[in-house]
Amino acid sequence: MGLEIKLSDSQIPPSKDFLDFLFRFSSGKDFKETWYDQLSEKLKPGSQNAVEERLKQHANQSLTDPVVQQALMQSYNYTIAILLGEIEKLRQTIQKFKFIYVIGCPRSGGSYLTKQIYLSLGMKPGTVPGLLAHDGFPKAWPFYIGNKHNQHTDMTRYIAEYLIMIELFFKDRPLHEDKIIIPKKDLNAAYHGAFFNQILGPDAEYIITVRHPVSSCISTYEKSGGLPDNNKFVTRSTIENFAMRDNIFTGANKKDIYDQDYFDVYLRYWEQYHMNLALTGLCAQRQHKTVGYSSSSMMSAAEEFHTRFGNNSSAEKFKTFDKKNRHPQWLKKAEKAVYRVNNTWQQLGLEFPLDEVMEIW
C-alpha cells in the first residue's frame, strides 16, 4: 500500500526560541546571559517579549542565511527521525557529546552547579545562551492535547531543535574525556525521563539536586514577590505556574487552588515532582548522583568537576540562608511528604539525601 503522508512546517512550526537563537547565532554577536544569577530574589520579567521583538525585526533577514536554512532543515530531519524511531540517524551527532544534566525542583541549587561545571571547563557562563544552559528549553511537561498542540509531538520538535543548537554552538569546543561536554540545568527532564535517557544516550550523566520543601517554598515565594498577605496561592512567576499546572495535572480543580494555603499547593507540586524523578525512567540511567542542598554537599560536587576537568580553578562558595524557623506550622505537613518520597526512592534502589534534606537549608 503506497500511502504517502506529508507534514508541513505550518503543522509543526519551528519554535520562536529556536528561530531567535538562529538569528542571534548567525549575527556573530556574543551572547550575554544572566541565567546563572540565582541569588537575587527580585521577580524578573519574562524574556519572551524580547524574543518577539527580535523576530519582528530580523526574521526575514535571518531566514535567508544558509546556516539558518540548513539548521531548519536538519531540525526537521531530526524531528521525523525521532517520531519514526530512527534514532540511529541522530547517533552521529549525539556520540560526539557527553551531556551532564543537572536536574531538580526549582530553587534547589541546580543553577549553581551548572555554572560551576561551565567554569571548570574554562567557559564563561554568561556567554552561553540560557536555552542551552538552563531551564525552559527543550520544553517538556505533563502530557496534554490542546488546540493544535500535542505535548509528545511538541517535545520531539523541541529536542530536535535543541540538538541542532548544540551542534552549532559547541562544535568547536575542546574535548574532555574524548567528548565535547554539554552541561545543562533542566528541571523538565523529570517529566519524561525515559525520553531524555534515550535521546541523550548512554554516556549522559545526571546530577539530581534535592532541597527540603519548606525552604524551597520560601525561596519560591521570595523569588515570586513575597508570601501573599492572606497566605493563599497565587500565580505570579514561572515556578508558581509550574505548581498550578502540576496540581491540575494530578486532579486538583484550578478554581479551588486559589483558595488553598500557599504551602499546601507548593507541597503537592514538590512531592509529585520528586515522584516523577524516580518513576518516569530518568534514573534507569545509573550514571547519576544525588546532591542534597547544603553548602558542603554542593561545593563538594562542584569541586569534583573542577578537579575532573583540570582547569586550575576552584568552586565558588555556595551560599545558604537559615530559614528553617520561619514557618514552623509547615514542618509537620512537609515531613510526611518527605518520608513518602524517601520511601519511594528507597524501594527503587535510589539514593535520597534524607539527612541533608532534613537540615532544612
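# Briefing: a cavity, a pocket, a sheet and a helix

Leu121, Arg173, Pro174, His176, Ile180 and Ile181 line the largest cavity. The model is predicted: local features need pLDDT of at least 70, side-chain atom pairs count only at pLDDT 80 or more, and totals for chains, interfaces and linings use all residues. Residues are numbered from 1 along each chain as its sequence is written, and side-chain values use heavy atoms, with hydrogens and water left out. Helices (H or I, at least four residues) and strands (E, at least two) are DSSP runs, numbered from the N terminus.

**Empty space**

- Rolling a probe the size of a water molecule over the atoms shows where empty space is left.
- A search of the whole structure finds one cavity of 30 Å³ or more. On a 1 Å grid over the protein atoms alone, a cavity is a set of points where a 1.4 Å probe fits but cannot get out; lining residues have an atom within 4 Å of a point.
- The largest cavity holds about 40 Å³ of space. A volume is the space filled by probe spheres set on the grid points, which are joined across faces, edges and corners.
- The second largest pocket holds about 450 Å³. A pocket is an open set of points with protein on both sides within 12 Å along at least five of seven lines.
- This second largest pocket is lined by 19 residues, and Pro13, Lys148, His149, Asp154 and Tyr158 are the closest to its centre.
- Helix α7 supplies the largest share of the lining, five residues.

**The four-stranded sheet**

- Four strands form an open sheet in the order β4-β1-β5-β6, with parallel pairing. Strands β4 (180–185) and β6 (288–292) stand at the edges with a single partner each, so one side of each has no neighbour in the sheet.
- On average, neighbouring strands of this sheet are turned by 15° against each other, direction ignored. Such angles are taken between axes, lines fitted to C-alpha atoms, and run from 0 to 180 degrees between N-to-C directions.
- Strand β1 runs parallel to β5, and five bridges join the two. Two strands pair if DSSP finds at least two bridges between them.
- Gly104 stands opposite Thr209 of β5.
- Strand β5 (residues 205–210) also pairs with β6 in the parallel sense, over five bridges.
- Tyr206 has His288 of β6 as its bridge partner, and Ile208 stands opposite Thr290 of β6.
- Six of the six residues of β5 are buried, so the strand is largely enclosed by the rest of the structure. Buried means under 20% relative accessible area, exposed over 50%, and partly exposed in between (1.4 Å probe, protein chains only).
- In a regular strand the side chains alternate between the two faces of the sheet.
- From β5, Glu205, Ile207 and Thr209 point one way, while Tyr206, Ile208 and Val210 point the other; all are buried.

**Helix α12**

- Helix α12 (residues 262–279) has 18 residues, and at 1.5 Å a residue it should span 26 Å. Its end C-alpha atoms are 26 Å apart, which agrees. The expected span is 1.5 Å times one less than the number of residues.
- Of the 18 residues of α12, 14 are buried.
- At the start of α12, a side-chain oxygen of Asp261 comes to within 2.9 Å of the backbone nitrogen of Phe263.
- Gly281, with a positive phi near 105°, follows α12.

**Helix α7**

- Arg157 lies in α7. It counts as buried at 2% relative accessibility.
- Arg157 and Thr235 are 78 residues apart in sequence and 28 Å apart in space, C-alpha to C-alpha.
- Thr156 is also found in α7, and is buried with a relative accessible area of 6%.
- A polar atom of the Thr156 side chain lies 2.9 Å from the backbone oxygen of His152.

- Most residues other than glycine have a negative phi, and most peptide bonds are trans.
- The peptide bond from Phe137 to Pro138 is cis, with omega near 0°. Pro138 sits in the loop between α6 (130–133) and β2 (145–146).
- Arg107 is not a glycine, yet has a positive phi of about 70°. Arg107 belongs to the loop between β1 (97–104) and α5 (110–120). At 13% relative accessibility, Arg107 counts as buried.
- Glu177 is not a glycine either, and its phi is positive, about 55°. Glu177 lies in the loop between α7 and β4. At 43% relative accessibility, Glu177 counts as partly exposed.

Terms used: A polar contact is a pair of N or O atoms within 3.5 Å; within protein, one must be able to donate a hydrogen and the other to accept it, and residues adjacent in sequence count only if both atoms are side-chain atoms.
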